Amino acid sequence: MPQRPLHPRSLTAQAMGKIDHETRAVVPPIHVATTYIRDPDNGYSSGFIYGRPDNETTRETESVLAMLEEAKAGALLFGSGMAAATAVFLALSPGDHVVASKVMYWALRNWLLTEATRWGLKIDFVETDDLQALKAAVKPGVTKLVWIETPSNPLWTITDIAAAAAITKAAGGKLAVDSTCASPVHTRPLTLGADVVMHSATKVLNGHSDVIAGVLCAREDDEFWNRVKTVRKGQGGILGPFESYLLMRGLRTLHVRQERQSAAAMELAQRLSAHPLVARVLYPGLPQHPGHDIAARQMENGFGYMLSVQVSGGEKAAIATAAHVELYKRATSLGGVESLIEHRASIEGPGTPCPADLLRLSTGIEDIDDLYADFDQALKAGHR
């Protein structure tokens, strides 16, 4: 690769320029070995000991992710987004106090309310976009971790990362950010003061709905980050080499996909805001969105690929609308090249903060006119 500085777009497209030394292939091979030869002196000069913490294919993908997030301490890949997220909490100690976003990925919220609480963590949920509420919930010298998700799924509320980092730092805690629905193309939380950033790499980082993966990136290689490493090694949570290879394949087109998806989501949000059968569109790129000004400050290259639509006919019309789509796929997940639709309240069940009339849309790379036409006909069918 050239010695001059390169844009992350170029480094990602070429997977950091890695060339296979044996074959000179432009796509590195998949390393599947689970164990490695010792040196005559009983050491491991190669840096590889055993496949559970060490795999070259995984490390190569981690290097791209660390570059994208400007993570000085590097990145760690996990077998799923949940494995990555829970590793952060398992690096704490029983009795530690945590403050977390009230609106967040539902599976993680359920885990925090059950398993994490049973294990001994003390957790308070607050509206982290309300900085006064966040400041009131954080206990100086007691709160060890603040976990925020921005934009938060599925209401797309925006938390001011820099302000949250200042509040957390003043209390002596660590700030972790779930940036799955922003991606490093739109937001780099570590540069705004966060200590750890998490992604469900299953989503837009991979982008092809064929890999389950998670990643953590850290700003400083400190004691806390070393505990996270210990959790992954001890629990065997490393991502497999084939999945790492597929994730690298997906990352190469990340920028081109994200820019198209974000532009399409913005146009779709604008068009649907004027639709007579839509009560409200939730998207941080819209000026009327409550968090728009903060999003405009901390996001770049667009406002992401996710939006939600509240249907004017209520829950019944929302479910019927989802049932009548033809181009959208009615399926869980987000961030792939195909557009998805989901009635989120049905998935989350009792206790969800998600309105019953809300449909969550993940915008793919299809033609925007086709996407709008499909949703328009589905809305009309759902209101008959």
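In this predicted model, R109 is placed over the face of F125, at 5.1 Å from the ring centre.

Helix α10 covers residues 254–273 and helix α14 covers residues 368–382. The two helices pack at an angle of about 35°, and their axes are 10 Å apart. The crossing in which α10 passes α14 is right-handed.

Aromatic rings also pair with one another. A pair of aromatic rings is described by the distance of the centres and the angle of the planes. The structure holds five aromatic pairs, and the table sets out two of them.

| Pair | Centre to centre | Angle between planes | Arrangement |
|---|---|---|---|
| Y36 and F48 | 5.3 Å | 40° | tilted |
| F89 and W111 | 6.1 Å | 55° | tilted |

Y36 and F48 are twelve residues apart, and each is found in the loop between α1 (8–13) and α2 (56–69). F48 has a relative accessibility of 13%. Because buried means under 20% relative accessible area, F48 counts as buried.

The pair of F89 and W111 joins two helices. F89 lies in helix α3 (residues 81–90) and W111 in helix α4 (residues 106–119), so the pair ties together parts that are 22 residues apart in sequence. Both F89 and W111 are buried. Together with W147, the residues F89 and W111 form one aromatic cluster.

Is Q288 buried or exposed? The relative accessible area of Q288 is 55%. Since exposed means over 50%, Q288 is classed as exposed. Q288 is found in the loop that runs between β8 (278–282) and α11 (292–298). Between the C-alpha atoms of Q288 and A66 there is a separation of 34 Å, and these two residues are 222 residues apart along the chain.

Key:
Residues are numbered from 1 along each chain as its sequence is written. This is a predicted model: local features need pLDDT of at least 70, side-chain atom pairs count only at pLDDT 80 or more; totals for chains, interfaces and linings use all residues. Side-chain values use heavy atoms; hydrogens and water are left out. Axes are lines fitted to C-alpha atoms, for helices over the stretch in contact, and angles run from 0 to 180 degrees between N-to-C directions. Helices (H or I, at least four residues) and strands (E, at least two) are DSSP runs, numbered from the N terminus. A crossing is left-handed if the near helix is turned anticlockwise from the far one by less than a right angle, and right-handed if clockwise. Buried means under 20% relative accessible area, exposed over 50%, partly exposed in between (1.4 Å probe, protein chains only). Rings of Phe, Tyr and Trp (its six-membered ring) pair if their centres lie within 6.5 Å; planes under 30 degrees apart count as stacked, over 60 as edge-to-face and the rest as tilted. A charge sits over a ring if NZ of Lys or CZ of Arg is within 6 Å of the ring centre and within 35 degrees of the ring normal.
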